[in-house]
Amino acid sequence: MHTAKNESLRRAMYLKFNTRAFPDNEEVLLQILRHRWDKARLLGYADFAELATSGNMVRNASRVQHYLNTIGALLEDAVDSEMMMLNSSTATHGVNVFKPYNYAYGHALYSNLSFALNSTEVASYFTTHLTLQGVLSVASQMYNISFTQNTAVPTWYSDVLAYDIYDKNQSNKLIGRAYLDLYPRTAKFKHAAMFPIRRGMADMQIPEAALVCNFPKAPAQMYACVSHVHPWVLCYRRNLCTLPLCAILAGCRHRSKETRVNFEFRVHP
């Protein structure tokens, strides 16, 4: 969207993307909402929001709403000011950035003119291979662990990479395994997520988890590049993958009460 010069095309892409699976899935979504409501009421909650927040650090839905309202009020003036500045810039002349399908393109024009920042050019420095190695290096330093690619273990697809994880604090003891399913293919999960594969049990079996993404893949003779925001995505999902694995360091079952990591802490950038 940030490189498409044709506004009609940007609008068509925006509408197509935001109406995918509609109206086919409308009834399914309505059923989910109804079942969530029924579940919450059956368990004695006012609504599903109260059920979803119960037992978490935030405690209840009203605290979430208060937080969102507070953040929204603090950001409102700044957002309005920045949007007006962006819309009135000579870089975006003729492009109404208040239209959602124009924002990314207008922001790219403004960044290029004001800061000589071209996101397409920046992406050339983030090859998928080097970005992955950089993220693993950061994880190694943060948690004092090391990653070694394991080509001997079977995987569910030829592109999937398997990495054994070792704890430097325990004489490089094997503490877990992470599978990296990074590239798109037909019928694959389309978003980015971490999926647990096997729970860990101290001195019995190591925990295993899979990191699933959809980064671009280039032919063997070329380097695929990712957006400069993708390393953040990879770091974020890598945290979800490595933290449950690292919990085995406590010497307990990694999903036990003693070593379980609260979701609010797992989602740090």
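Guide: Start with the naming: helices (H or I, at least four residues) and strands (E, at least two) are DSSP runs, numbered from the N terminus. On that basis the protein has 9 helices and 5 strands. Along the sequence the pattern reads α-α-α-α-α-α-α-β-β-β-β-β-α-α.

This is a predicted model, in which local features need pLDDT of at least 70 and side-chain atom pairs count only at pLDDT 80 or more, while totals for chains, interfaces and linings use all residues. Residues are numbered from 1 along each chain as its sequence is written, and side-chain values use heavy atoms, with hydrogens and water left out.

A word on confidence. pLDDT is the predictor's confidence in each residue, from 0 to 100. The protein averages 81, and 81% of the residues score at least 70. Confidence is highest in helix H2 (residues 26–42), at a mean of 96, and lowest in helix H9 (residues 263–266), at 46. Over residues 243–269 the pLDDT is below 50.

Now the sheet. Strands of a sheet pair through backbone hydrogen bonds, either parallel or antiparallel. Two strands count as paired if DSSP finds at least two bridges between them. Here 5 strands form an open sheet with mixed pairing, in the order E1-E2-E3-E5-E4. Strand E1 (145–149) and strand E4 (193–198) are the edges; each has a single partner strand, so one side of each lacks a neighbour in the sheet. From one strand to the next, the twist averages 25°.

E1 and strand E2 (residues 161–167) run antiparallel, joined by 5 bridges. One of the pairs there is Thr-148 with its bridge partner Asp-164 in E2. A helix packs on the sheet too. H7 (residues 128–143) touches E1, E2 and strand E3 (173–181), where contact means heavy atoms within 4.5 Å. The direction of H7 makes about 145° with that of E1. Such axes are lines fitted to C-alpha atoms, for helices over the stretch in contact, and angles run from 0 to 180 degrees between N-to-C directions.

Ile-165 also lies in strand E2. Is Ile-165 buried or exposed? Ile-165 is buried, because its relative accessibility is 1%; the cut-offs are under 20% relative accessible area for buried, over 50% for exposed and partly exposed in between (1.4 Å probe, protein chains only). Across the 269 residues of the protein, 32% count as buried.

At 29% relative accessibility, Asn-144 counts as partly exposed. Ala-116 also has a positive phi near 55°. That residue sits in the loop between H5 and helix H6 (119–123). Ala-116 is exposed, at 65% relative accessibility.

The Phe-22 to Pro-23 peptide bond is cis, with omega near 10°. Pro-23 is placed in the loop between helix H1 (7–18) and H2.
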